[in-house]
Amino acid sequence: MVDKDIVNELRKKHLVEGRYPNVYVSSRIAKLTDDKSSYIKNRAFDNQHYKRLILSFIEEYGSASRQDINDLLMDKVSDALSEKQKLSKINNLIYEMSRKDNTISNTGSKRKSRWEKLK
């Protein structure tokens, strides 16, 4: 593992991005090393992007189970995150959409969630 001080120096020089210890090369370095696809996989999209994907899925199919949402987003959430962190991010997105944004609601049970778009 790289020392945190070294990572901070690299970040100041715009050579790496991400949260310590999960850092990855910056866009500029990825372009120079012809590793652009890895950069995009590591870089996270904004939450609005993921929320639009969930809403599009629900609009297309009427509702979505938690497993549907996991299947939709797991490979799209940043590869810099662990499996547990990805699930936590998806959980936080669903929470935001249901409690803060009021765009979806759970019409199923707690064990068998069924998310639908609010009218």
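I worked on a predicted model, where local features need pLDDT of at least 70, side-chain atom pairs count only at pLDDT 80 or more, and totals for chains, interfaces and linings use all residues. Residues are numbered from 1 along each chain as its sequence is written, and side-chain values use heavy atoms, with hydrogens and water left out.

**Entry 1: the sheet**

I took helices (H or I, at least four residues) and strands (E, at least two) as DSSP runs, numbered from the N terminus. Two strands count as paired if DSSP finds at least two bridges between them.

I looked up the strand order. The open sheet has three strands, ordered E3-E5-E4, with antiparallel pairing. Strand E3 (64–65) and strand E4 (104–106) are the edges, and each pairs on one side only.

Next I went through the bridges. E4 pairs with strand E5 (residues 114–117) over three bridges, in the antiparallel sense. Within E5, Trp115 stands opposite Asn106, and Lys117 is the bridge partner of Ile104. E3 and E5 are joined by two bridges and also run antiparallel. There, Ser65 stands opposite Arg114 of E5.

**Entry 2: what packs on the sheet**

Which strands does helix H4 touch? Contact here means heavy atoms within 4.5 Å. Helix H4 (residues 47–61) packs on the sheet and touches E3, E4 and E5. I also noted the angle: the direction of H4 makes about 90 degrees with that of E5. Axes are lines fitted to C-alpha atoms, for helices over the stretch in contact, and angles run from 0 to 180 degrees between N-to-C directions.

**Entry 3: helix H6**

I checked the length of H6 (residues 83–100). Its 18 residues should span 26 Å at 1.5 Å a residue, and the end C-alpha atoms are 25 Å apart, which agrees. The expected span is 1.5 Å times one less than the number of residues.

Then I sorted by accessibility. Buried means under 20% relative accessible area, exposed over 50%, and partly exposed in between (1.4 Å probe, protein chains only). The buried residues of H6 are Lys86, Ile90, Leu93, Ile94, Met97 and Ser98. They cover an arc of only 120 degrees around the axis, which puts them on the same side of H6. The arc is that of the directions from the helix axis to the C-beta atoms.

What lies over these buried residues? The cover includes H4, helix H5 (66–73), E4 and E5. The face of H6 turned away from the buried side carries exposed Lys84, Arg99 and Lys100. After H6 comes Asn102, with a positive phi near 55 degrees.

**Entry 4: helix H5**

I repeated the burial check on H5. Ile69, Asn70, Leu72 and Leu73 are its buried residues. Seen down the axis of H5, they fall within an arc of 160 degrees, so they line one face of the helix. Their cover includes H4, E3, H6 and E5.

**Entry 5: salt bridges**

How many salt bridges does the whole structure hold? My search found six. The criterion is a side-chain nitrogen of Lys or Arg within 4 Å of a carboxyl oxygen of Asp or Glu.

Asp101 and Lys51 meet at 2.8 Å, N to O. This pair links distant parts of the chain: Asp101 sits in the loop between H6 and E4, Lys51 in helix H4, 50 residues apart. Lys51 is buried, at 5% relative accessible area, while Asp101 is partly exposed at 35%.

Lys117 and Glu59 meet at 2.5 Å, N to O. They too link distant parts of the chain, with Lys117 in strand E5 and Glu59 in helix H4, 58 residues apart. Lys117 is partly exposed, at 36%.

Asp75 bridges to Lys76, with the closest N and O atoms 3.5 Å apart. Asp75 is exposed at 58%, and Lys76 is partly exposed at 34%. I also logged one network, in which salt bridges that share partners join Lys51, Glu96 and Asp101.

**Entry 6: Leu118**

Last, I looked at Leu118, in the segment after E5. Leu118 counts as partly exposed, at 37% relative accessibility. Not counting residues up to four places away in sequence, Leu118 touches Asn102, Thr103, Ile104 and Ser105. The C-alpha atoms of Leu118 and Ser105 are separated by 6.4 Å, and the two residues are 13 apart along the chain.
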